[in-house]
Amino acid sequence: MSCNDQSLLQGTHDFLAELPVIQLDGISLRYSQAAADIQALEGISLELTGDDFVCVLGPSGCGKSSLLNIIAGYLKPTTGTITVDGKIHSKPDPQVGVVFQHPNLFPWLSIEKNIEFGLKMKQVGKEKRKELVEHYLQLVGLEGFAKFLPFQLSGGMKQRAAIARTLATDPRMILLDEPFSALDAFTRETMQKNLYDIWQKTRKCLLFITHDVDEALLLARRIIIMHPNPGRIVKDFPNPLLRRPEHSFSRLRSSKEFNDMRQYLIGQIHS
Ligand code: ADP
Ligand code: MG
């Protein structure tokens with residue numbers, strides 16, 4: 001490949017990264033219940049581009065999971081539309097991968113078979129499946145655990161397997177709903193580092209839901225804050241602490257900027 005080709009492709013990559021993957025327009029959601037109706041979301045319009053890493057922060061009950069379930073296609077919004085790559089998106093679709101708080105691996109399938117499952121559904125050929133499973137096992141650091149069953153893995157390892165399974169099907173974007181909140185503090189930090197590395201390698205569009213301010217500051221390129229009653233977006237801005245490779249988590253955590261931003265975000269969430 002000539003130097004010109006390379007720079008052309010490089011240019012294409014940047015261009016693609018800037019294109020909107022998903023667009024939400026005027027989304028609202030009302031849960032109708034016997035006792036009372038709940039306006040869970042109102043007036044949500046949002047655009048995510050190719051390699052966004054977006055953290056959605058907000059207190060419990062502000063509609064984060066409802067929003068994720070709508071984007072995943074599990075819930076129909078009361079009003080508004082969603083498009084993925086310009087096409088209406090209204091039901092679950094392999095283009096939008098989901099990682100939940102509790103990794104929902106098939107307990108009777110080995111880790112490699114769990115990862116392979118979505119590829120079989122996509123009718124990927126046997127050789128290619130093998131190659132992809134190996135690649136993603138390695139990417140999440142589980143290459144030695146291919147034949148293990150989920151119950152033989154720790155919580156963090158199961159979550160890594162769930163991430164590998166989602167990545168393997170090559171979705172346009174991945175939604176993660178508080179994926180590390182059930183893990184102990186040490187495992188959680190390791191997982192945050194893993195996910196950041198994975199994002200750097202894959203540059204997938206990630207929408208990561210959390211109620212943990214530190215997590216958002218360490219991971220996000222862009223931070224969205226939601227408030228409840230009704231659930232809505234009140235702030236949407238680039239993370240000013242955008243990590244550079246030389247910034248370790250511990251160095252970042254101990255910086256004045258980090259602690260100032262932390263206080264600011266806590267204030268914004270509860271204002
Ligand atoms: P979060 O994930 O930010 O904690 P949720 O999206 O779970 O928020 O909930 C937003 C609001 O919608 C809350 O008031 C919650 O009680 C309500 N809610 C969530 N799911 C349902 C449901 N299936 N039926 C009725 N109300 C719901
Ligand atoms: Mg939730």
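Predicted model: local features only at pLDDT ≥ 70, side-chain atom pairs only at ≥ 80, totals over all residues.
Some ground rules. Local features need pLDDT of at least 70, side-chain atom pairs count only at pLDDT 80 or more, and totals for chains, interfaces and linings use all residues. Residues are numbered from 1 along each chain as its sequence is written, chains are lettered from A and ligands numbered from 1 in the order written, and side-chain values use heavy atoms, with hydrogens and water left out.

Ligand 1 to begin. Which residues are around ligand 1? Tyr31, Gln33, Ile38, Ala40, Pro59, Ser60, Gly61, Cys62, Gly63, Lys64, Ser65 and Ser66. Each has a heavy atom within 4 Å of the ligand. By class, five are nonpolar, six polar and one charged. Here Ala, Val, Leu, Ile, Met, Phe, Trp, Tyr, Cys and Pro count as nonpolar, Asp, Glu, Lys and Arg as charged, and the others, Gly among them, as polar.

β2 (38-49) and α2 (64-72) each supply at least two shell residues. α2 gives the most, three. Helices (H or I, at least four residues) and strands (E, at least two) are DSSP runs, numbered from the N terminus.

Now polar contacts, meaning here N or O pairs within 3.5 Å. A backbone N or O atom of Gly61 sits 2.7 Å from a ligand oxygen. For Cys62, a polar backbone atom is 3.2 Å from a ligand oxygen. Tyr31 uses a polar side-chain atom, 3.4 Å from a ligand nitrogen. The protein covers 63% of the 560 Å² of accessible area (Shrake-Rupley, 1.4 Å probe) that ligand 1 has on its own.

Next, domains, with bounds from an automatic or database assignment. Domain 1 is 48-77 + 85-95 + 172-271, and domain 2 is 105-170. Their C-alpha centres are 24 Å apart. How much area is buried between them? About 1000 Å², with carbon and sulfur atoms giving 76%. That is accessible area (1.4 Å probe) lost on being put together, summed over both parts.

Last, the backbone. Most residues other than glycine have a negative phi, and most peptide bonds are trans. Asp85 has a positive phi, near 50°, in the loop between β4 (79-84) and β5 (87-88). The Asn229 to Pro230 bond is cis, omega near -5°. Pro230 lies in the loop between β9 (222-227) and β10 (232-238).

How values were computed
Polar contact = N/O pair within 3.5 Å; in protein donor to acceptor, adjacent residues only side chain to side chain. Buried area = accessible area lost by both parts, 1.4 Å probe.
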